[in-house]
Amino acid sequence: MRVASLVPSGTLLLRALGVEPVGVSHACPNPLGVPVLTESLIPKGLAQEEIDRRVRAAYAQGLSLYRVRGEVLRALDPDLLVAQGVCEVCAATPREVGQALGFLPRVPKVLELRGTRLLDLFADLKALGEATGREGAAEALARTLRARLEGLPSPPPRPPKVAFLEWLDPPFLGGHWVPEMVERAGGRYLGPGPGEASLRTTPEGLPEAEVVFLAFCGYRLEEAREAVAAHLARGGWLGAYLRGRRAYLLDAGPFQALTHRVVEGVEILARLLRGGEAQGSIPLA
């Protein structure tokens, strides 16, 4: 079976099941250099506030943030195409995918990942396993992940109040599966409810948290550190907000997509909430 993926979460889950895509999105890890199926209208290297401005401008004009390279998709001729229907900012939307498929002589089966809650991960795994003939691998991975979640330490006697920022300029409080990740780790989340979209707010509107996590979507740890340093050098609001609070900068990988890595993310949060250390994190305060 020839499988192509238009979304990083799909690519990571496919590889976890032993399936290597024949084509991936521009945002997917691509160590083998397979053909790239999408391109972004937002250039790399922009400051967060400029990215936000361009995203809002595109929405106001009814423009898409991504283009599916129909000519590459046509040449690959996949049997299965993995896409998403959760976030217009993260990857090509069903509308964009549908437009590209309209020009193909043979339309592949399309599997959309639509999970917004932590346990939706297991439904996505099952669907991918069935679609690719890797049911056994999907079931085995699901058992391992459930066992790790069940093996988390007991909640603290008084769960600390937690804020989780997935963007800095402007601040966004993480939504979808993030609230449940925090709760599973032993914190009391002060943000959107489980399954709800991320919440854009203002520095003045941020919650009175005891512990603050910062994991910026699409940012590795060093990139996040550079973004925070640039923000503080401009006299940004973050320094004042973190004063008197425990805060940690995180690699976004285990938090930004609903993949098997979210269990790793829960484990990281659990260690940090209990005063420990975790790889992929930097204490800020």
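Author: Start with a charge over a ring. Arginine 146 lies over the face of phenylalanine 122, at 3.9 Å from the ring centre. To count, NZ of Lys or CZ of Arg must be within 6 Å of the ring centre and within 35 degrees of the ring normal. The model is predicted, so local features need pLDDT of at least 70 and side-chain atom pairs 80 or more, while totals for chains, interfaces and linings use all residues. Residues are numbered from 1 along each chain as its sequence is written, and side-chain values use heavy atoms, with hydrogens and water left out.

Now the ring pairs. The structure holds six aromatic pairs (rings of Phe, Tyr and Trp, the last by its six-membered ring, with centres within 6.5 Å; planes under 30 degrees apart are stacked, over 60 edge-to-face, the rest tilted). One of them joins phenylalanine 164 and phenylalanine 213: the centres are 6.4 Å apart and the planes stand at 50°, so this pair is tilted. Phenylalanine 164 sits in strand β6 (residues 161–167) and phenylalanine 213 in strand β10 (residues 211–214), so the pair ties together parts that are 49 residues apart in sequence. Here helices (H or I, at least four residues) and strands (E, at least two) are DSSP runs, numbered from the N terminus. Phenylalanine 164 is buried at 2% relative accessibility (buried is under 20% relative accessible area, exposed over 50%, partly exposed in between, with a 1.4 Å probe and protein chains only). Phenylalanine 213 is buried too, at 0%.

Another pair is edge-to-face: phenylalanine 216 and tyrosine 219, at 5.9 Å centre to centre with 85° between the planes. Phenylalanine 216 is buried at 0% relative accessibility. Tyrosine 219 is buried at 15%. Phe164 and Phe213 also belong to one aromatic cluster with Tyr248 and Phe255.

From tyrosine 219, move along to histidine 231. The two are twelve residues apart in sequence and 15 Å apart in space, C-alpha to C-alpha. Histidine 231 lies in helix α8 (residues 221–233). Its relative accessibility is 1%, which means buried. Leaving out residues up to four places away in sequence, histidine 231 touches Leu168, Asp169, Gly236, Trp237 and Leu238 (contact is heavy atoms within 4.5 Å).

One of those contacts leads to the backbone. Most residues other than glycine have a negative phi, and most peptide bonds are trans. The bond from aspartate 169 to proline 170 is cis, with omega near 0°. Proline 170 sits in the loop between β6 and β7 (172–173). Histidine 176 is in the loop between β7 and α7. Its phi is positive, near 55°. At 15% relative accessibility, histidine 176 counts as buried.

Then comes helix packing. The axes of α7 (residues 178–185) and α10 (residues 261–273) come within 8 Å and cross at roughly 50°. Axes are lines fitted to C-alpha atoms, for helices over the stretch in contact, and angles run from 0 to 180 degrees between N-to-C directions. That makes α7 oblique to α10 (under 35 degrees is roughly parallel, over 145 roughly antiparallel, 65 to 115 roughly perpendicular, the rest oblique). Met181, Val182, Arg184 and Ala185 of α7 make the contact with Val262, Gly265, Val266, Leu269, Ala270 and Leu273 of α10.
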